[in-house]
Every structure is written in C-alpha cells, then in structure tokens.
Amino acid sequence: MDKAKNQAPQGQRELELIVPGMGSDHCAGIINKTISRLDGVSNVQTNIARHRVSVRSFTSGPDGDAVRKAVEGAGYDVASVREVGTRTFKVTVPGMGSDHCAGIIKSTLGRHDGVQTISTNIANHTVSVVVGPAGPAEQELKKLIEGAGYDVAAVALEGDTNQEEDSAVEEAYLKLALRRLWIAAVPTTLIMLLMMPHMFWQPIPGYLAIVVVLAFPVVFLFGGAATHKASWRSLKNGTFNMDVLISMGSLPPFIIGLVGFVYPMTSFIEMAATIMTFHLGGRYLEAKAKGKASQAIRRLLTLGAKTARVERDGEEIEIPVKELAPGDIMVVRPGDKVPTDGEVVDGESHLDESIATGESIPVYKSAGDTVIGATINKEGRLRVKATRVGGDTFLAQVVKLIDEAQGSRVPIQEFADRMTGRFVPLVLIIALGSLLAWLFAADTLRPILEWGAGFLPWVDPAAATPVLAILAAIAVLVIACPCALGLATPTALMVGSGIGAERGILIRSGEAIQTFKDIKVMVLDKTGTITRGEPKLTETVVASGITETELLELAAAVENASEHPIARAIVDGARERGVKPGDVSDFRSTGARGVSGTVAGQTVLIGNRLLLEESGVQGLDALDQALQDLEGKGRTAVIVARDGQACGIVAVADTLKDESVAAIKAMHEQGLHVVMITGDNERAANAVAKEVGIDEVRAGVLPEGKVDAIRELQEKYGNHVAMVGDGINDAPALKQANVGIAIGAGADVAIEAADVTLVRGELSGVVDAMVLSRATFKKIVENLIWASGYNVAAIPIAASGLLHPMIGVVAMTASSLSVIGNSMLLRRRYDKVRR
C-alpha cells in the first residue's frame, strides 16, 4: 500500500476490505473509483497482491456495510470488512445453553464502552466479540462474563495474523474458481463430443434441445451466474469490468441459438458454453499463477514462531507468541526460532538470519547483541529479553514495507490506467461497429475472409451475413483483455518485491523502482556506510630499541583507564595482538591532548606531538615522517613516551567495511558517479576516498548541510541523485534525494525516510538493489508493451472476421497468463545479471 499511518487521524475511521476478485489494476481502479464517490471518503488504497482495500473516511461518512454495498455494486464480492484497530475475540462459554443465557452475556458485555459488536452461538457455546482499540483484552473479557455467573473455557483472538486470513481467502477463492470450472467443463465437454459427429458425420436427433439443456447451467447457473451478476452490477454502477465483455460474449450467442427451434440457422449455443468455460478456466489459472508469483511473500508471512518459551515465576512455560510483552525473558533452545525481536541477556550462539538479510552464514550472538524474531538458533541456549512484539517487530515491518511496495504506483502505470479506464466502453463500441459493418457491408468485407480461408480452417467466406456479423462482434468482445494491462505492473512488483525480501532488499515504492533506472549520482555517507563507524587500531611505529609488544603494553596499560573511543580502540587492538593491559597508577587526562600514568614504576605519556614536546620528550624528530604519513592517510596518531623518551606511535582509524572497495567498483561499472559526503576534515575524507575509489568528496559538511549538498548535486546532474546513509542525521538528506537508501543496521528514522532499505547493512546491496529495480522496471515495460500490442493487434483481427470467438477467448486467457509468466521470469533474469 501507499505510505500511511497505522492509526487513522482523529475524527476518521479506517476500514480494510478483502476483495478476492480484485485481480488486476483494472479491477482495483474500478473499486477505487466506486468507493471514492461515497461522501465522506478521504482516501482509498488498493493492494491486489493481497486482495485488500484500505478506506479512510470521516466518522460521519460511510460505515463498513455502506462500503461493502458499494464494492458489491461495482461487481465484486467482498469476503470481509473490518475496522482497523479492532480485534475479534472468540469466547467459549460452556454454560450458555439458551437465548436467556446469551441475552445476559450480551447485556453484560454491551455495558463496556470498548465493545462494538457481540454475536452469540448457542449451538457451539461461543460468543464473538469485536472490541475497539481501547476495548477489553482477553482476561478482562473473561472476568466480565464470569462476573455474570458463567464459566469461560477459552478466549482466543481471531484474525490476529493477516497471513492466516490472506491464506484462507486465497484458498477459498481458488476452491470456488475450481468448482465453477468443473461444473462448466463437464457439460461443455459433452457438448463438444456431440457437436463433432453432428456436424461432420451424422445429424443427432434433438441435438439442439440436448445442447440447450447442457449449456444452460454453464451459461446461466452454476458456471456463469456469478459472471453475469458481476457484470450487471458493474453496468448499474457505471463502471465496466472484464465480466461485462464475457457476459456480452456468451449471452447473445445462447439467445440467438434458440431461434433454431423456429427457424433453421447455425447454432451459437456451443460457442456460448465454450466461451464461459474458457473464461472460468482462465480465472482459475490466473488466480493460481498469481499465487505462485507471490510465493516469496507468503513464505515470509509464515516464518514467525507460533509459541514462545518464557520465564515466569522461576519456571519456564510455553505461551502463544501473541501473548508476549516487552521485557519478557524468552528461552531459545538450539533449533528454535527466536519468537520476537529482542536482546540477548545470557548465553552465546550462532543465529541463521538468512530470512532477514539473505546472508546464509550464521551470525555470532552473545550478551548485549540484538536478535531478530523468526531467525533460527543454531546451537547454544540463549536467554533473550523481548524488546518488540506484534506489529513493531522487524518481520512485521518488512511485511508492511512489502505491502507498501506492492500497492504503490509506478509513474508509467498512468498510461495503463488511462487505457484501462476507457478500454471496455471502447471495446463495446468496436464490437457494435463490427456487427453493423458486417450486416451492411458484408460484400465489401468478404474478400478479407476469402484471403484468410487459405490458411485459417475456421474461416467460411460463404457463411450467411448475420452469422458473420455475430461472429465478428463476439470475437471482439471475448478477445479483448483489459486484465492483461491491469496485471502488467502489480505482478512485476509482486515478484520483484519478493526477490528483494529474500535477499534483504526492501523497496518501499514503485516510484523508486522507476526512478532508480535513471540514477547517475550515488551519494555515500562515510561513517557507518563506507566505514564501520567505530575506531580501530590500524598501525604501530616503534622507535629504535623498542618492540611492538613493549609499545602496546605501555599504551594499553594507560589507555585502559580511559573511556575515550580512541583509548578503547587501542586497548582492544592490543588484546587482538595478544597483549593484555597492565596496571596503571597516577592516571591523569589532559583533555583532548593526551593521558599519562605510571606503569611498573615508569612514567608513560601518550598524546599529540605538541603535548610531548612541551613535556620535554626526546626522540620526537625520528618519528616525524611516520607521523606525517599516518596523518596523510587520515589516521588519528598518538605518540607514546616512557620516562621522557619517545617509544613509538599508535594509529587509530575508522576502518573500511570489507565490501566497500568492491561495492564502489561495482557502482562505477553501473555507470554511476560516486560522491562521498562527510563531516570529517578534508584530509581524512580524501584518504578514505582514495582508498576506495570515490570520484568526488565533500568534506566538513554538517548534518544540516547534507540536504543542501544533495540539492546542489541535483542542480548539477538533474534529478538523478541517490543517497545511502545510516544515521539519524542522514534522514533529511535521504528524503531530499531522488532515491534514499538506508543501511538496515542504521537508525529507524533513516529507514523510515528511505525508499530502499538494505537489511544486511552492506554497501554491496546498493548495486543489487539497483539491478533488481532496473530488472523489475524492464519487466513492467515488457508487460505493458505485450498487453498493449496484443489488444491493438487482436481486436482488429477479430473485427475483420478472421478470428473465431472460441479461439479468441483462449487467446484472451493466454494474454493474462503470459503477463504473469513473464513477471515470474524476473527471478531468472535477476539471478543471471548478478552472476
């Protein structure tokens, strides 16, 4: 869906509808237009991948029933309507055995302001309670009913996970589509088996009556009833969906065929049954193919753990994940899924985070590390404090981002919208024009049929004029395919967003996909993006007569008494080299200039050259060249002296991420001009830029100046600037850039401001995201070209009389399926490019 807040504004309500038949942007456009006509509706958003429609309206505007009626009036069935923020509880009350008991329970619950609706079922002793955001929770409901004198056996929250509802809707829709197909296919197959001998060998007595009896349930009852009902509602609503074309392609042939009882003529009843059967078959295949296209998303939606093992009152108990609260201590055993996002408080292990990052190598976790819900614990036992639950978890946010991407609009989609909005009325006009042209100018048009008869076995130039006119009009109706145009964008977005989610690339909007292909400049923040964002000991230089171990022993002993980041980097670096910090006494700090202390009876002074020179330290000149070289590389270098004699230099720097050089090289291969913007000084910035191959450096830029820097680049290079950042101070610049890319390990506010999020936190993901975006957009264009070209070519051929309606309806189905199939090939193209 488009970007929207979770909670509706004051004075508004937000409804969510599930519309199983909304299978393309053409359908979504009709539904959007229909709901928008209602007074009080402020916003309508559609997501065809999940068959959902989100409606915001003022509280004085339409309620759920009114919106349902509007959508059904447009020709689409509504599976469910719910108000966002509400919850539905199913309460089992064994003692509720009569209407009298049910009335008492309803009256008791109805007194609570937060309860919206109550329904009781005496047969299975259950009460369904819909509560608002401020309504009672499970335990409070239980107390209310028990207070009325009835025992409560269980309280369960219904529909607490959208994926279960989505799966149920999709499965029910597929089953219904398959049932309708079978009901239509069996009689139609019998008709075909009778038609062949009747036409070519031996006339069958009573053939027309038999065909009418077989075709009637196909066209009017179990098979076609839903189609005609939807088309009638659509026509009354002033909108035109695909069902209108099918109804007009099947009803007239059947009715005209009945004339054969009183006047000898060609029968069209077989055609009516065949068109309806192929249409129903196409709907089923489309639904199934779309389900395959969204498999990646459905897998993601079902990854979460169902239960959690938590510590309560000194014991470990198992509870449903939905009952977890922030602060709960969860016990995660080897092989378990982490129930929800949290922080390790005890234990160590490796976690498989591939579902979140796409990275197959397990990640080491110990006390203090954060963990993501649904990741898998490989070996150790962990105690984890829950920090985020429900809709706040990482997995829930990923699903939200994917929803936004799948429901978003690609600018090129405006072309398809204009076409599909006028498509069905235009087809009806062309069909009527074809009918009239053949009725009144058949002799002029027959040469076309005579030419076509040479290679098309179904073309009969000698057929009666009315027959030719009817065939041409019906062929136009059934071969036209607005659904192919309507599926072009959303199916590609569906597959592309699924591929991205599997690889830790979350693209928030369709607009970003289209913009990404034209990006010329990639702006990178330095700290946390190109570099690790934490200082590290990089080099040591020793004076004559001193070993590196001695130098590090002195430095680590003194710096271990300091909490300064540079001091911690020196101590950690010494430990990595096998040197343990010794004891220090008389520790003193001189602020930014340095520190001093006594180690094993020796006075140790560590700081910049000026401090040591003022202190009368000898041997500094011998280290000057090394000091200049290190500072020229952008290192922070300090000199270590013992008892007034310089011992050497230790250098600290914010080190590069392992993949930075390769990632920036790959950006150059994509034709990008790479710019680094940083608040660091120019010397340090240039040193990093030279090491990784940056094209342009803007140093000394304050956080508030990053937006201006992005604007300057946009003026210089046009609106083709993307930026990668990870900090809170990057958020405004990410928003200003034409495409904002957030490193997933960064701040939430940066991720929220970005168009693309790289969950793995690696710069190499930028190129992967660009390749995926370009491949997805290319698929959208291919789909639109195919769907447009198909309709532009097929409709004139049908109008000319060269296309039999039965072949036309097959071609129409094939057109929609080809668009879905082409979108599914995106995975193969992306993998090929990345190899």
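Student: Why is Phe-254 called buried?

Tutor: Buried means under 20% relative accessible area, exposed over 50%, and partly exposed in between, with a 1.4 Å probe and protein chains only. Phe-254 has 3% relative accessibility and therefore counts as buried. This is a predicted model, in which local features need pLDDT of at least 70 and side-chain atom pairs count only at pLDDT 80 or more, while totals for chains, interfaces and linings use all residues. Residues are numbered from 1 along each chain as its sequence is written, and side-chain values use heavy atoms, leaving out hydrogens and water.

Student: What makes Phe-220 partly exposed?

Tutor: The relative accessibility of Phe-220 is 27%, so this residue counts as partly exposed.

Student: Why is the pair of Phe-220 and Phe-254 called edge-to-face?

Tutor: Rings of Phe, Tyr and Trp (its six-membered ring) pair if their centres lie within 6.5 Å; planes under 30 degrees apart count as stacked, over 60 as edge-to-face and the rest as tilted. The centres of Phe-220 and Phe-254 are 5.0 Å apart and their planes stand at 80°, so the pair is edge-to-face. Phe-220 lies in the loop between α6 and α7, and Phe-254 in helix α8, 34 residues apart. Together with Phe-216, these two residues form one aromatic cluster.

Student: What makes Trp-451 and Phe-455 an edge-to-face pair?

Tutor: Their ring centres are 4.9 Å apart and their planes lie at 75°, so this pair is also edge-to-face. Trp-451, at 55% relative accessibility, counts as exposed, whereas Phe-455, at 47%, counts as partly exposed.

Student: How do you know that Thr-108 is buried?

Tutor: Thr-108 has a relative accessible area of 14%, and therefore it is buried. Thr-108 belongs to helix α3 (residues 99-110). Helices (H or I, at least four residues) and strands (E, at least two) are DSSP runs, numbered from the N terminus.

Student: Why are α22 and α27 called roughly parallel?

Tutor: Angles under 35 degrees count as roughly parallel, over 145 as roughly antiparallel, 65 to 115 as roughly perpendicular and the rest as oblique. Axes are lines fitted to C-alpha atoms, for helices over the stretch in contact (heavy atoms within 4.5 Å), and angles run from 0 to 180 degrees between N-to-C directions. Helix α22 (residues 660-669) and helix α27 (residues 764-799) pack at about 30°, with their axes 7 Å apart. The two helices are therefore roughly parallel to each other.
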